[in-house]
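Please read this short report with the model open beside you. It goes from single residues to the whole chain.

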Amino acid sequence: MTTPKPCGYAFFQQVLNSPKHIVAPMVEQSELSWRLLARAHGAHLCFTPMLHSGVFVRDVNYRKQNFTTCAEDRPLIVQFCGNDPETVLNAAKYVEDKCDAVDLNLGCPQNIARRGHYGAFLQDDWDTISAIVQLLHQKLSVPVTCKIRIFEEFDKTIAYARMLEKSGCQMLTVHGRTRTQKGPRSGLADWALIKAIKNSVSIPVVANGNILYTSDIEACIHETGVDAVMSSGTSTNDGLKLRRREFVSKMWRALTVLHLCVAIDSNSINDYPELRSKLANAHTHEQLLTVCHDFETILKERRQYETKQGLWSSLEDTDIAPILTTASCRDGFTYPKIPVWRCQPRLRNMNSDRSVIEHEKAAATLNSKTNRERSEQLNAKDIKDAKTCIHTSAEENENETKRKKSTQEDRIRQKQKQKEIRSRKANKFMKCTLCNANPRGAKCEHQCCKNCCKEHSVKNTLNCLGHRFRFKDKAEQQQQQFLQPVSSIQTECPAVQNVNISPVPSTS
């Protein structure tokens, strides 16, 4: 007799050990090495990157390359995206014995999610979402969780959360932004709506958004009443380094040893163009470690000099993150002064966000006012014409006939143009010619998605300028580097000038 799987708060407390600091799923970032590094700095729970359920089921190489774990990588939640219940279930079956839960991504706002009809662009199809969650809840041996974005409408968001709980969701992560809030329009997350969701459901709720500092975690939990906080800014954020401000180069070295690209976003590297160029051209771990060593030496010298000049106090130059009294998302917050050699968050440009939103609102108001004024002017003209009873002449009637004919021709051309546009849109998002699942790259020379294009280009030593793959160029450069010593030997030794040395043929 199998024991029933824990649900709700039993799952949150017994399986996940009541996590408080959660690392968000980040595409091409939150792989195993990064998760282990995050756990070493105090993260309680980690998510895998978002995995495409359809490709995960079909492609063995995709599974091997994008999902790896180990005994130390627990508790772990694997996140999938998709819009077909059976496909998502089949994908989850591959990992249910290697994780503690499976998460359904309902929050991705990117254009690829729009084309694939998943993530935040599935949130209008409640029947499909409910079917997916119910099937996962019934068929998997581990619980199912969901990560969502909010709607513009307050009541609709509450109903959305309750629908997910009723369908079988055992933990709900709420990103307090709508799917249109991204890039320069990201703005601030709505903690008040997250609080309302928490009070409306009986399952654990995790808040996501507005986390820059450690103090923001406590402020968010206090203000919303959520059970945990999720942040995706771990590469630059004190919030999930948890009261630590590591030396920048120390974090760089840790990332390098763990086979990761240097992901620390530090303004200090911009002050040293030569070092930045070395970093961009480093291709091996040894080269990256050399850059880290040089950078650490420069920063220590800079730290010593600026400290002697009295530019930084001992309180400011500390590895302990300060406890701030005001949340970073509130008016009146002042960013603390942090030396450039300490890890620090990427500052939120709230003024830029607000200016974009206010500009769009002002433009909409102006258009509405302009249309209203035009309508009033037209009505006044009609009244005036009716009162004066102006009779047009024969020439005016002829001109009016020509104008109507011209307008009719313009309408015909416009309809034809719209028909062509619809036809182009219908063929715009073509599928990859190899996997026949993902949308093909718009500029791909081989008409493939990025993963298939990379595999095809590596296998056949080809270039793809659309995806910026230059495997053919690299192969030719290596061949020239091989032939260069031979040409120098022929120059120095005339006896071997007539010897024809051809490059070693490739074995692939």
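His117 is placed in the loop between α6 (111–116) and α7 (126–139). This is a predicted model. The phi of His117 is positive, about 55°, although the residue is not a glycine. Is His117 buried, exposed or partly exposed? With 34% relative accessibility, His117 counts as partly exposed.

Most residues other than glycine have a negative phi, and most peptide bonds are trans. Ser18 is not a glycine either, yet its phi is positive at about 50°. Ser18 sits in the loop between α1 and β1 (21–23). Its relative accessibility is 39%, so Ser18 counts as partly exposed. Asn17, which follows α1, also has a positive phi, near 60°. Elsewhere, the peptide bond between Arg74 and Pro75 is cis, with omega about 0°. Pro75 belongs to the loop between α4 (60–66) and β4 (76–81).

Helix α1 spans residues 8–15, and its buried residues are Gly8, Phe11 and Phe12. They cover an arc of only 95° around the axis, so they lie on the same side of α1. An α-helix has 3.6 residues a turn, so residues three or four places apart point the same way.

What do the buried residues of α1 pack against? They pack against three strands: β5 (101–106), β6 (144–149) and β9 (228–231).

## An aromatic cluster

A pair of aromatic rings is described by the distance of the centres and the angle of the planes. The structure holds eight aromatic pairs. In one of them, Phe56 and Tyr62 have ring centres 6.3 Å apart and planes at 85°, so this pair is edge-to-face. Phe56 has a relative accessibility of 1% and counts as buried. Tyr62 is buried too, with a relative accessible area of 9%.

Phe56 also pairs with Tyr94. That pair is edge-to-face as well, at 6.1 Å centre to centre and 75° between the planes. Phe56 lies in helix α3 (residues 53–58), while Tyr94 is in the loop between α5 (85–93) and β5, so the pair ties together parts that are 38 residues apart in sequence. Tyr94 has 38% relative accessibility and counts as partly exposed. Which residues make up the cluster? Phe56, Tyr62, Phe80 and Tyr94 form one aromatic cluster.

## Charges over rings

The charged end of Arg63 sits over the ring of Tyr94, 4.1 Å from the ring centre. A second case involves Lys337 and Trp312. There, the charged end of Lys337 sits over the Trp312 ring, 4.8 Å from its centre.

## Two buried asparagines

Asn208 lies in strand β8 (residues 205–208). Its relative accessible area is 7%, so Asn208 is buried. Which backbone atom lies 3.0 Å from a polar atom of the Asn208 side chain? That atom is the backbone oxygen of Met230. Asn208 touches several residues beyond four places away in sequence, among them Lys147, Thr173, His175, Ile194 and Ser231.

Asn463 lies in strand β10 (residues 463–464). Asn463 has a relative accessible area of 16%; the cut-off for buried is under 20%, so Asn463 is buried. A polar atom of its side chain lies 2.9 Å from the backbone nitrogen of Lys472. The side chain of Asn463 also makes a polar contact of 2.9 Å with the side chain of Asp473. Both Lys472 and Asp473 are in the list of residues that Asn463 touches, which also includes Glu445, His446 and Phe469.

## The whole chain

How many helices and strands does the protein chain have? Its secondary structure comes to 17 helices and 11 strands. The chain has 508 residues, and 40% of them count as buried.

Now take the contacts between residues at least 6 apart in sequence. Of these, 65% join residues at least 24 apart. The pair of Phe56 and Tyr94 also links parts that are 38 residues apart in sequence. The accessible surface of the chain comes to about 29,300 Å². Carbon and sulfur atoms account for 51% of that surface.

How values were computed. Residues numbered from 1 in each chain as written. Predicted model: local features only at pLDDT ≥ 70, side-chain atom pairs only at ≥ 80, totals over all residues. Heavy atoms only, no water. Helix = DSSP H or I, 4+ residues; strand = E, 2+ residues; numbered from the N terminus. Buried < 20%, exposed > 50% of the residue type's maximum accessible area, 1.4 Å probe, protein only. Contact = heavy atoms within 4.5 Å. Areas by Shrake-Rupley, 256 points an atom, 1.4 Å probe, with all protein chains shown as cover. Polar contact = N/O pair within 3.5 Å; in protein donor to acceptor, adjacent residues only side chain to side chain. Arc of directions from axis to C-beta. Phe/Tyr/Trp six-rings, centres within 6.5 Å; stacked < 30°, edge-to-face > 60°. Lys NZ or Arg CZ within 6 Å of the ring centre and 35° of its normal.
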